[in-house]
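Student: I would like to learn how to read a model of this kind, feature by feature. Please take the whole chain before the details.

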Amino acid sequence: MSETALRLRAQVAELLYVEPEEIGPDDDLLAAGMDSIRLMTLAEQWRAEGAEVSFPDLVERPTLAAWAELLG
């Protein structure tokens, strides 16, 4: 897993109250409990860090692998 994916996994795990190791790169994060408020939180955080990412980008492909690609 890339450095970006590992960082994302830690952020997502914290929001979902699970251990990072419980989240696989291709797991559907919406099915795992990621809701719209948490998605907006992540999108805003990443935009503040300079990423060009939107809420629809995250919803369309809700996996760590896809998000790491978007942010990579």
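This is a predicted model: local features need pLDDT of at least 70, side-chain atom pairs count only at pLDDT 80 or more; totals for chains, interfaces and linings use all residues.

Student: How many helices and strands does the protein have?

Tutor: Helices (H or I, at least four residues) and strands (E, at least two) are DSSP runs, numbered from the N terminus. Here there are four helices and zero strands, and the order from the N terminus is α-α-α-α.

Student: What does the radius of gyration say about the protein?

Tutor: The radius is taken over C-alpha atoms, and the globule rule is 2.2 Å times the number of residues to the power 0.38. For 72 residues a compact globule would have a value near 11 Å, and the protein agrees with 11 Å. The C-alpha trace spans about 25 × 25 × 20 Å along its principal axes.

Student: What share of the residues counts as buried?

Tutor: Buried means under 20% relative accessible area, exposed over 50%, and partly exposed in between (1.4 Å probe, protein chains only). Of the 72 residues, 33% are buried.

Student: What share of the contacts joins residues 24 or more positions apart?

Tutor: A contact means heavy atoms within 4.5 Å. Among contacts with a separation of 6 or more, residues 24 or more positions apart account for 48%.

Student: How is the length of helix α1 read?

Tutor: The expected span of a helix is 1.5 Å times one less than its number of residues. Helix α1, residues 3–16, has 14 residues and reaches 20 Å from its first C-alpha to its last, close to the 20 Å expected.

Student: Which residues of α1 are buried, and what covers them?

Tutor: An α-helix has 3.6 residues a turn, so residues three or four places apart point the same way. In α1 the buried residues are Ala5, Leu8, Arg9, Gln11, Val12, Ala13 and Leu16. Their cover includes α2 (36–48) and α4 (64–71).

Student: And which residues of α4 are buried?

Tutor: They are Leu64, Ala66, Trp67, Ala68 and Leu71. The cover of these residues includes α1, α2 and α3 (55–60). Leu70 is also found in α4, but Leu70 is partly exposed, at 34% relative accessible area. Leaving aside neighbours within four places in sequence, Leu70 is in contact with Val53, Asp57 and Leu58.

Student: What follows α1?

Tutor: Tyr17 does, in the loop between α1 and α2. Phi of Tyr17 is near 60°, a positive value in a residue other than glycine. Is Tyr17 buried or exposed? Tyr17 counts as exposed, because its relative accessibility is 71%.

Student: Where is Gly33 placed?

Tutor: Gly33 is also in the loop between α1 and α2. The relative accessible area of Gly33 is 33%, so Gly33 is partly exposed. Beyond its neighbours within four places in sequence, Gly33 is in contact with Leu16 and Arg38. Its C-alpha is 9.8 Å from that of Tyr17, 16 residues apart along the chain. The C-alpha atoms of Gly33 and Leu70, 37 residues apart along the chain, are separated by 21 Å.

Methods: Residues are numbered from 1 along each chain as its sequence is written. Side-chain values use heavy atoms; hydrogens and water are left out.
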